Amino acid sequence: MKRLVIPVFAIGLTLASAVGAQVSYFDVMLEDVGLRPGVTADLNVRVFVNDSQPCQGRTVLLVPGAWGAAYPDWWMPFMEAFFTDNPAGRNGCRVAILELPGHGDSGLPDGGPLFGELGQGDYAAALIGALERLPDWGVKPKTILAYSMGGIVTALAQQALVDQGTNLR
């Protein structure tokens, strides 16, 4: 499965108000995702859906930064703009936002470290685990968009997979 990986370490967005996009969302809870041996966490993935048209586009997985979560109030203007105004001519279908362990509605680690003892490698393992399990829920991201710490986590996940003889594609 090929995925386009776009790690962005710093990003600033100015969005115009979009008109016409109808956006809904649902949550997927991935239970007991392995972070390291003996340590798991439940991960929440909030999936925003473009209800204005049939789902024919790609699903984007967004990996937020250090303080990021998938709160609808934060993301609805972005989703409306993303689903309405796409200069490439292909309107988005779905955007899934991964809430890393201890962020948003994702759980704290179980089986060892405290939240403050989690490292970037734990978050990279969470991303890999989420990508492996999301297709079971009908969510099949083809593109990863990451910003700030999420960009670092995505790069580390890619390197971990390369070390195992595979990659994010």
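Which residue forms a salt bridge with Asp105? It is Arg46, with the closest N and O atoms 2.9 Å apart. Arg46 lies in strand β3 and Asp105 in the loop between β5 and α2, so the pair ties together parts that are 59 residues apart in sequence. To place this contact, start with the whole chain. The model is predicted.

The protein chain has 3 helices and 6 strands. From the N terminus, the elements run β-β-β-β-α-β-α-β-α. Of the 169 residues, 44% count as buried. The chain exposes about 8600 Å², and carbon and sulfur atoms supply 53% of that area. Among contacts with a separation of 6 or more, 76% come from residues 24 or more positions apart.

Now look at strands β2 and β3. β2 covers residues 23-36 and β3 covers residues 39-50. They run antiparallel, joined by 11 bridges. Tyr25 has Phe48 in β3 as its bridge partner. The hairpin has 2 residues between the strands, and Gly38 there takes a positive phi near 80 degrees.

The whole structure holds 3 salt bridges. Arg46 also forms one with Asp27, where the closest N and O atoms are 2.6 Å apart. This pair links strand β3 to strand β2, 19 residues apart. Arg46 is buried, at 5% relative accessible area. Asp27 is partly exposed at 39%, and Asp105 is partly exposed at 42%.

Arg36 forms a salt bridge with Asp122, the closest N and O atoms being 2.6 Å apart. Arg36 sits in strand β2 and Asp122 in helix α2, 86 residues apart. Arg36 is partly exposed at 36% relative accessibility, whereas Asp122 is buried at 6%.

Methods. Residues are numbered from 1 along each chain as its sequence is written. This is a predicted model: local features need pLDDT of at least 70, side-chain atom pairs count only at pLDDT 80 or more; totals for chains, interfaces and linings use all residues. Side-chain values use heavy atoms; hydrogens and water are left out. Two strands pair if DSSP finds at least two bridges between them. Helices (H or I, at least four residues) and strands (E, at least two) are DSSP runs, numbered from the N terminus. Buried means under 20% relative accessible area, exposed over 50%, partly exposed in between (1.4 Å probe, protein chains only). Contact means heavy atoms within 4.5 Å. Accessible areas come from the Shrake-Rupley method with a 1.4 Å probe; for residues, only the protein chains shown count as cover. A salt bridge is a side-chain nitrogen of Lys or Arg within 4 Å of a carboxyl oxygen of Asp or Glu.
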